[in-house]
Amino acid sequence: MTHKDLQLAFAVRFLALCAVMEMATLTLVPFSLSAQTPATETFQRDPKQAIDESYTQLIRKYTTAPALNSPLTDYLPASSSIPTPAKVLGDVAGAPDVLPYAEEIYRYFRLLAAASPRVKVFTIGHTEEGREMIAVAVADASLLAQAKENGARLAQLADPRILRLDDARAQALVRQSFPVYYITGTIHSPETGAPTALMELAYRLAVDNAPYVQYIRSHIITLITPVVEVDGRDRMVDIYKWHKAHPGQNWPRLVYWGHYVAHDNNRDAMAMTLDLTKNVLNTYLEWHAQVLHDLHESVPYLYDNTVGDGPYNSWIDPILTDEWSMLASDNMARMQSFGMPGAFTHGNFDTWSPGYLMFLAGLHNGISRLYETFGNGGADTEKRMLSPDQYSRTWYRPNPPYPTVLWSQRDNNNYEQTALLSALSYFAQNAKFFLNNFYLKSKRSVEKPGNAGPAAYVLAQDNRSWNRQMELLKVLALQHVEIQRLTQAATVALPPPSRKDGEEPKPGTPPPPSSQTFPAGSFIIRMDQPFSRVADALLDRQFWSPEDPQKTPYDDTGWSFGDLFNAKVSRVTDRGILSAPMSPVPDLSQIPAAEVGPGPFYVVDNSAQVSLASLVYALQGSADVSICEENFDSAGHKFAAGSLIIGRVEASRLKPLLRQFDLTAVSIASQPSVKVHSAAAPRIAFMHTWLNTQTEGWWRMAFDELHVPFAYISTQTVSKEADLRSKYDVIVFAPVAHTSARQIVGGLPMWGNVLPWQTTSLTPNLGKLDSTEDLRPGLGEAGVAHLKDFVQQGGLLITAEDTAQFAIDEGMAPGVFVAPQKTLKVVGSVLNSAVVDNKHPVAYGYDGAVPLYSADGLAFTVSNLTVNRDILTAKEYKRPTGRGGPDEEDTPEGRPVEKAPPLPAPKAWQATPLNEEQERNNPFLIPAEYRPQVILRYAAMKDLLLSGLLENGDPVAEHPAVVQAHFGKGDVLLFANNPVYRGETIGSYALIFNSIINFGHLK
Ligand SMILES: [Zn+2]
């Protein structure tokens, strides 16, 4: 920002403040944004209110140093009728050794609600394992009584189309309304402090008569979900109980948090796959809340990462970035004034990816906030020793945490509550300002086509993309994005093509098309709707410059959903699209299903749908399903190789299945004369490690969602099971993430004590998904041998990323190697690939380019040898010193020239062919039928990056991405990309499921 920009920004801010103050005077608000009062004045107590002496004494006792508490939380107000958290906990919130289950937490909130008219508890849904999720509303009884009418007013501010974008009407509503501040706790199960902090916070908000607390509860509704990851919370409490029952021993790691994923439950705000994400967003939107504030524990002592660091997400309203600054600046200033060390707001968290739970608010016209506080992963009081990057003083952390501290759960609860109380106070004081912003952001989202654009995104009516389009539209529907469908074809003007400076079109090249027509039935995502921003952020492409000053992106840098779903999405800037005839699609499930004809045969064209395997398993045993090996025409339709031909099935049985799986079938009168093989429904085992279950959890979720059955086994099972092949046809070894073959084989070190993961009376929530008497042993050498036998006896092993490296390192993928990365940099990007072998069953249904998610740019090389030996190619050859120019040949004198055979010139995805000399008596030479087959390769450099960050991409460009290796009678499928990731990579799912239903026919 230049000085001039700054002046302008301040002028704009000042005008905004004046507007707020004007409104504030209208509504007799005694505070305003510009008038800071000293903390002692703002947060003074009610001298008449009695104190709960015994509770207060225990707060003091459990706080390890006076500086680690504030005047806001160093006492507890007394109430004769309302129970304190001690009623359920048996001690104060944050007491050592006390970690309540979700049920106990809920019991307290329900006791509170029963005793106080200022508290109400609502069930907001359930988890994958059926545990309840709740929200607790706290405010004056009069506010709670008006919550419904208030919600109806907020709904109009949230959708300014209802108000015809009339600011005067909006301002009248702002004056009558009060905002909702939504706080969510313990999404990350080992971050354990939030629930008790929130129990006590709710008590304070309901009971404390300090003027500032009265002000909060009379001006805003505080909404609290004390436990977001309920399944993980209960497992975490089990672990803690085990730890307390086994003093002096190491305790088991929390290998499962939620049913499917661990830490990534806070990366689901884009694809919306988890119940907790859906429940929180639905609650946030039902209440028309203005803030979603998520509580974490990984940074000492309180990092309000709301401001964080750049780059900021490019699709949010600039109003939001200012709100972040305002809230965090006041919040941290208050913490400073209380003398609490280690509170800061800048730091290493970039605000680029919108995958975090809090971002549900950021992209739905609200305010996203997140605290990282400090915790011990349980309720023990511990001496904590920080690293220099944590305790050093820096420009944004002038009052850093102590290098060493005795830290208690109570300290954590003091920090969380103090920061939240002061944040709620500031927000309540400026309630009208933030409500007005809420309206403004919603209005600007509706006005997007006329401002930044685009006008709309279009998914053109296209039978071959239908299934993946549905998957993408379902995500948008879960995000509460409105979807329309063209009732007639519409033509839009295309923007002129972007051309690099000075680049002239080649003479003779036809001009690019200037318009595009979308057929009737195309799906339209209008950008003149309140939630245009979330659609824009998901459907647009991302570019992270290698020159960006931020060198360590916090998470993925690219996620463009049109690419990842392999469903072409057109970004339309022509506003004419908005007046094309279209009708809303309020419910995707109500789109009429295609008619199913009389049969007796049906063909489901293979267009790389996610759910062909779902249909094959559903029809297993009750119909004849075969797969064609070539393209063919029938009944006026073209069918691609890999299409399903179904016979011996009733239309009435097929129709509901097609509907369930978003598939369509063409009825044909006779079996087509095309080469086919039977569709396989192989017996699948899913092998997990005990090191980490999250990355495989995303795969497990996809298989469950698609009803593809599997046995869930661990590396320990495989180490004990000699005859795997008699039980299974396919073993899926999904990525473990950042691990090595040595760790997979070795497991955890065997010294120390046994670490069980079992269902017992002490740990009733462990050992359900899988169990072991000891987490430590890995696959072991026996397991490696069993796995090799399995493949050699004809099994298929599916691997990706680090498990592909494992297969290579263990010698199960002869001729496949990891390409050296040199100075390559990829951080969670979308890279383009191309089909190399379009006859290969794994690539059935794909034509041309296939966008892939790449975590770090892993790519392969292939060889005709089992050893990675360089064979000189034409590209590497450098002519020796001698006669002639640099491109001429040397010629010896005194004899005729003897022409050398040409050096091989393979492509980057091909093996270098060996000559007779190199092949002769070479024990490393792989027989032709056992050489690896490359199915997909990464695109050439100029087409490689679709979204995200790519720097020095040579080591990945054109290199193999998906390879089938042959080992004995079986095969190993190796993915350099992660084809099943965070519910976002729908476009590459079929690569996996094609391999499954074509089991036995992959060669
Ligand atoms: Zn966390």
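Tutor: Here is a walk from the core to a helix pair and then to some backbone details.

This is a predicted model, where local features need pLDDT of at least 70, side-chain atom pairs count only at pLDDT 80 or more, and totals for chains, interfaces and linings use all residues. Residues are numbered from 1 along each chain as its sequence is written, and side-chain values use heavy atoms, with hydrogens and water left out.

Let's start with the core. A nonpolar core here is a set of buried Ala, Val, Leu, Ile, Met, Phe, Trp, Tyr and Cys residues joined through side-chain atoms within 4.5 Å; buried means under 20% relative accessible area, exposed over 50%, and partly exposed in between (1.4 Å probe, protein chains only). The largest one has 290 residues, and Ile525, Leu615, Ile646 and Leu974 have the most contacts inside it. Take Ile525: leaving aside residues up to four places away in sequence, its contacts (heavy atoms within 4.5 Å) include Tyr457, Leu473, Glu482 and Leu539. There is also a second, separate core of 13 residues, with Ala455, Leu486, Val492 and Val572 among them.

Now for the helices. Helices (H or I, at least four residues) and strands (E, at least two) are DSSP runs, numbered from the N terminus. Helix H21 (residues 612–619) and helix H30 (residues 986–997) have axes that come within 9 Å and cross at roughly 30 degrees. Those axes are lines fitted to C-alpha atoms, for helices over the stretch in contact, and angles run from 0 to 180 degrees between N-to-C directions. Angles under 35 degrees count as roughly parallel, over 145 as roughly antiparallel, 65 to 115 as roughly perpendicular and the rest as oblique, so H21 and H30 are roughly parallel to each other. On the H21 side, Leu612, Ala613, Val616 and Tyr617 meet Phe993, Ile996 and Ile997 of H30.

Next, the backbone. Gly310 and Pro311 are joined by a cis peptide bond, with omega about -5 degrees, and Pro311 sits in the loop between strand E6 (302–309) and helix H13 (318–337). Another cis bond runs from Gly599 to Pro600, with omega near 10 degrees; Pro600 lies in the loop between strand E17 (582–584) and strand E18 (601–604).

Finally, Arg982 has a positive phi of about 50 degrees although it is not a glycine. Arg982 is found in the loop between strand E38 (970–975) and H30, and with 6% relative accessibility it counts as buried.
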